[in-house]
Amino acid sequence: MANEESAPRAKLWGGRFSQPTNELVDRLNASLPFDRRLARQDISGSIAHARMLTRQGIIGEADGAAIESGLRTILGEVESGNYTFRIEDEDIHMSVERRLGELIGAPSGRLHTGRSRNDQIALDFRLWTRDAIVDIAGGVVNFIGAFLAVAEKYPDTILPGYTHLQRAQPVLLAHHFLAYVEMLFRDLDRLRDAYRRVNRSPLGAGALAGSTYPVDPQFVADLLGFDGLCVNSLDAVSDRDFVLDLLVACSQLMMHLSRLAEELVIWSTAEFGFLELADAFATGSSIMPQKKNPDVAELIRGKTGRVYGHLMGMLTTAKGLPLSYNKDLQEDKEGLFDTVDTVTLILQVLPPMLETATFRSERMLTAAGGGFSLATDIADHLVRTGLPFREAHEIVGRIVGYCVEQGKDFPDLTVDEWRSFSPVLADSPPPMTPREGIAARNMPGGTGDKSVAAARNVAQSELDRWIGWLDERQAAHDTVVARLEVEEPERDTIQAD
């Protein structure tokens, strides 16, 4: 764990002030307790900035080399947990600059040439968000893999499909889970869109109006692996759409995960009895020894509201801000940090929880055959003999009413009882089992065995494409790290790339 200290200090950037800042204002103003998470990104951005300043002749090569060396030392301290964060530094930028001064002395004062904390924090936060998007997308990819594994494990399991939480028609469990796979693929699309929009460098915008120095923002953008530049300096320092993009994507992802969690809670009840969670993913009661509670699923459902709250908080913060940077934007980080932590942990828990659950196929099949779930199939059977669907619907509705009165289900009816409603049903028996209902639906998007097997294959191919996208992003990240680790003599080679 990194160290944390507090010591008296002069007012930051206080040349025009005659009084020190009130201690309470310092406490309110400080962002270091949470933006310390941006230490690695801040140091990477500063190395790139220092290299650009040196390349442009804005600072001397000796100063540039000293700054880079000092920044790498600080990065090592941060990563080893030996870095001392001091609350009086206010934010991560000043913390790093203060430590750089301790290490290299006067040259550290040249690092901030040609930039402002406004474009600096925008850069740091974009770098962090970019990495977070890839991490979350990786979690989604792993979860899709878990769904496909369970679908392959239970290819023939049938359960009731529901509308209005009432038994409707039989479906394959694999088909049910492939519905969530489709949701998660859309979540990946949203994450990729968020990545595309965040991957623009704001450095060079300065406080709001650009720089008077001959800076080269494109060089920094290329060095850090951005796709391009933020083209307007006012927008560059005040834009937090990328924060909202990720919060929206996470909120919709959590909505999908919460829907699944709700089903896992319901299915694990004695009333349904469709599944049993592994003991490792369930908890007991403090007073009732028999209880096995689906707390993990309930927490996922509950934490969805937490993520929604962070989205609403950021929307509310941003809605009234004039151009350009305002201190309100300090409130952009804690909600996103917590959202990413929450979603990342849930995506780590869900795959093993799903893969170790026991799905009770016989219980599901029994339920799938009840509740007159073949009613539509019987109506379709009548239609194929020439009846209009509305007439067939009416006939089957009367049959259901009769069964309810007599306490029977379709398989209990005699030939004479079928004939009393329609001679066709006596001469040509309608489908009577969930398996027959499944077999009749081998069409694109349907729950037939062949359709679902084909859909599984398509989903696997799509998943492979997403794994390829993640591999590309990881390779790009590794390239950035390698560029920033290159020492002074090798710079010309990197610039030529």
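**Close-up views of a predicted model**

**View 1. The lining of the largest pocket in this predicted model.** The largest pocket is lined by 23 residues, and those that lie nearest its centre are Gly-161, Tyr-162, Val-171, His-176 and Glu-263. About 500 Å³ of space lies within this pocket. At least two lining residues each are supplied by strand 3 (158–163), strand 4 (166–172), helix 7 (173–198) and helix 10 (241–267). Sorted by class, the lining of the largest pocket holds 10 nonpolar, 9 polar and 4 charged residues.

**View 2. The largest nonpolar core and the residues that touch the most other members.** This core has 118 residues, and among them Ile-136, Phe-177, Leu-257, Trp-267 and Phe-359 touch the most other members. Helix 6 (residues 117–153) gives the largest share of the core, namely 19 residues. In soluble globular proteins, nonpolar side chains tend to be buried together.

**View 3. The surroundings of Phe-177.** When neighbours within four places in sequence are left aside, Phe-177 is in contact with Phe-147, Val-150, Leu-260, Trp-267, Leu-354 and Phe-359. Of these contact partners, Trp-267 and Phe-359 are also listed, together with Phe-177, among the residues that touch the most other members of the largest nonpolar core.

**View 4. Another nonpolar core, apart from the largest one.** This core is made up of 17 residues, including Phe-372, Ala-379, Val-396 and Phe-421.

**View 5. The largest cavity and its lining.** The search for cavities of 30 Å³ or more comes to a count of 1, and about 40 Å³ of space lies in the largest cavity. The residues that line the largest cavity are His-49, Met-52, Gly-114, Leu-203, Gly-204, Val-215, Pro-217 and Val-220. Two or more of these lining residues come from helix 3 (39–55), and helix 8 (217–223) likewise gives two or more. By class, the lining of the largest cavity comprises 5 nonpolar and 3 polar residues, with no charged residues.

View 6. A disulfide is a covalent bond between the sulfur atoms of two cysteines. A search of the whole structure finds 0 disulfides.

Conventions: Residues numbered from 1 in each chain as written. Predicted model: local features only at pLDDT ≥ 70, side-chain atom pairs only at ≥ 80, totals over all residues. Heavy atoms only, no water. Disulfide = S-S within 2.5 Å. Core = buried A, V, L, I, M, F, W, Y, C linked by side-chain atoms within 4.5 Å. Buried < 20%, exposed > 50% of the residue type's maximum accessible area, 1.4 Å probe, protein only. Helix = DSSP H or I, 4+ residues; strand = E, 2+ residues; numbered from the N terminus. Contact = heavy atoms within 4.5 Å. 1 Å grid on protein atoms, 1.4 Å probe; cavity = no way out; pocket = protein on both sides within 12 Å on 5 of 7 lines; lining within 4 Å. Points joined across faces, edges and corners; volume = space filled by probe spheres on them. Nonpolar A, V, L, I, M, F, W, Y, C, P; charged D, E, K, R; others polar.
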